[in-house]
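I opened this entry to keep track of what I looked up, one topic at a time.

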Amino acid sequence: METFEGIRYRLLGPVELYHEGRAVDLSSTKVRLMLTALALAPNTVVSFEALGKVLWERGAPPSARSNVRTYATTLRRVLDRDSRNRLVSRGGGYQLRTDPDELDVQVFNRLADIGRRALADGEPASARTHLRQALALWRGHPAEGLPPRRALAGQLDALTEQRLLVEEDLLEAELAAGGTAELVGTARRLVTEHPLRERCWAALMLALYRGGDVAAALDAFTEARNQFVAGLGLEPGPRLQQLHQAMLNRDPALLDRPATTTATTAGAVHCELPRQVTLVNRAEEVRTVVAALCTPDDEGARVVVVYGPPGAGKSAVALRAAHQAAWCYPDGQRYVDLTATAPDGARWRSTLAGRRELVVVDHCTSAARLRPLLVAEPDCGFLITADTPLAAIDATCRVAVRRLSTPAAVAMLGKLVGRARVTPDWAAVDLVVRCDHLPLAIRAAAAVLIAEPRLGLADLAARLSAGTILDELAVDDLDPRARLLARYREMSTVDRVAAAAFQYLGTDSLPAGRLSPAVARRLADHGLLEDGRLAPLTHEVAVELGTGPA
């Protein structure tokens, strides 16, 4: 949970609520009961009457509605810290608005569904991976620790049943993937806890048989038969009977193993996503991207564009969202950096045929470069970062990434260099202002501070003056000048007029407001003009270009 921003609801065990990776104190039993009732019916209005039955087992008091409003107010203080308005009053009750990745029950169901589909498609390795992930979300009995409520019993029992079904599915996937003796313990636990489940007995028998203990496998059938006769007055069903007969006949098909190498590789889940980096105050953007990627689109592949000025942290937002949305794309996650060579379009599209993959396309500068990579596969998702909204592309969703606010920028600096180093406050504010509130520049400044432990914030801020700031921030690959020059050089190869205009802007002989709309738009398309003006660091690059060769 500490790797996620935003809100996370956990019902698959003790009821827990996380905000920005930290557990929220829900000491009030009534508040936890109300949250549970709402989270079990996400995005649905739960009436006052239904909430009353959950909150008061022996009948609601006269003040019930007033009390429910009080509990709702308590929940809102936690849920709406980022002004999301997650808990709304509507239609005689309350509705908890959630996104697909926020509620562990929904994530569990999604992973279980992916695993079952993979198992049905003959991909046991992929099925095993996702079913294990689904079961890993469980931390005990659903809503453990809450007083029992008849009004919740049906839903909680259904969750317990779903967990058992996934455990049975996982046993089948493990056996189909070649597992044997190591599964005996799990199968025995399940038949002990659920002695009338035929699938559990079948898995136990097959694991014993494949492990070479034929006698124990036959004994397991006898034990299963005794349980069914004693508990139900019935003989085992056809599945167990046929499996028992096949063992008596030493049917060689019982020892079949899945094909190795090629089959396993074909169903393998690969992840090419780079590691995540520090993010501050981006929960809303990440949430929006994840929701768009994990919501099915009847029109075809989901296409999400994350856009904003150079250095604003678009790639960091995209990668955080991609890691969080990975469970929606069970066949893997790819990463393409368009600052390098783009993959061959025809061959690329063929590798995605029939796949359920997420593709992150980083540093896209034009719709023309992106189009050859997009496919119509309905189960694929594309997450693109660009300086502009890429208006020429049909996108499912577009998410803007702006500069950080001053408090968020200072908080980011503190995360990178240590909060004790970010003093005095006025110096920290001065530093992030000089960095134009851009995460890339703040990272570069933090790298300078880390490399020079005795350097104070005020001293570094003084060094970040006009004419020298780009030199000071040129730290390894955290170099705003290099990023902006790359955009200028790419533009200059296709648009000499816009390139010349950019140089003139650096001499101050051509005010940005006097640019023709077409040239201004082309400069904006390359991330070199924002809202009709040059941003401070971009202006420094234009000045350098206007006074000497690029």
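**Arg199 and its salt bridge**

I began with arginine 199, which is partly exposed at a relative accessible area of 23%. The model is predicted, so I read every value here as computed. I then looked for a partner and found that the side chain of arginine 199 forms a salt bridge with that of glutamate 172, at 3.1 Å from N to O. Arginine 199 sits in helix H8 and glutamate 172 in helix H6, 27 residues apart, so the pair links distant parts of the chain. Glutamate 172 is also partly exposed, with a relative accessible area of 26%. I noted that both residues belong to a network of salt bridges, which includes Arg116, Glu161 and Arg239.

**Helix H8**

Next I took the helix itself. How many of its residues are buried? I found 11 of the 13, and I put H8 down as mostly covered. Among the buried ones are Trp201, Met205, Tyr209 and Arg210. The cover over the buried residues includes helices H6, H7, H9 and H10. Just after H8, glycine 212 takes a positive phi of about 95°.

**Leu232 and the surface**

I followed H9 and noted that leucine 232 lies in it, the helix being residues 214-232. Leucine 232 is partly exposed, with a relative accessible area of 46%. With Leu196 and Leu234, Leu232 makes a nonpolar surface patch of about 270 Å².

**Nonpolar cores**

The largest nonpolar core has 130 residues, and Met34, Leu413, Phe502 and Leu523 have the most contacts inside it. Apart from it lies another core, of 30 residues, including Val191, Val214, Ala216 and Leu240. I listed some contacts of leucine 523, leaving out residues up to four places away in sequence: they include Met491, Phe502, Leu515 and Leu529.

**Other salt bridges**

I counted 36 salt bridges. I looked at two more of them. Glutamate 472 and arginine 463 meet at 3.0 Å, N to O; glutamate 472 is partly exposed at 23% relative accessibility, and arginine 463 is partly exposed at 28%. Arginine 522 and aspartate 495 meet at 2.2 Å, N to O. Arginine 522 is in helix H23 and aspartate 495 is in the loop between helices H21 and H22, so this pair ties together parts 27 residues apart in sequence. Arginine 522 is partly exposed at 25%, whereas aspartate 495 is buried at 10%.

Technical notes: Residues numbered from 1 in each chain as written. Predicted model: local features only at pLDDT ≥ 70, side-chain atom pairs only at ≥ 80, totals over all residues. Heavy atoms only, no water. Patch = residues over 30% accessible without salt bridge, like charges linked within 9 Å, V, L, I, M, F, W, Y side chains within 5 Å. Areas by Shrake-Rupley, 256 points an atom, 1.4 Å probe, with all protein chains shown as cover. Salt bridge = Lys/Arg side-chain N within 4 Å of Asp/Glu carboxyl O. Helix = DSSP H or I, 4+ residues; strand = E, 2+ residues; numbered from the N terminus. Buried < 20%, exposed > 50% of the residue type's maximum accessible area, 1.4 Å probe, protein only. Core = buried A, V, L, I, M, F, W, Y, C linked by side-chain atoms within 4.5 Å. Contact = heavy atoms within 4.5 Å.
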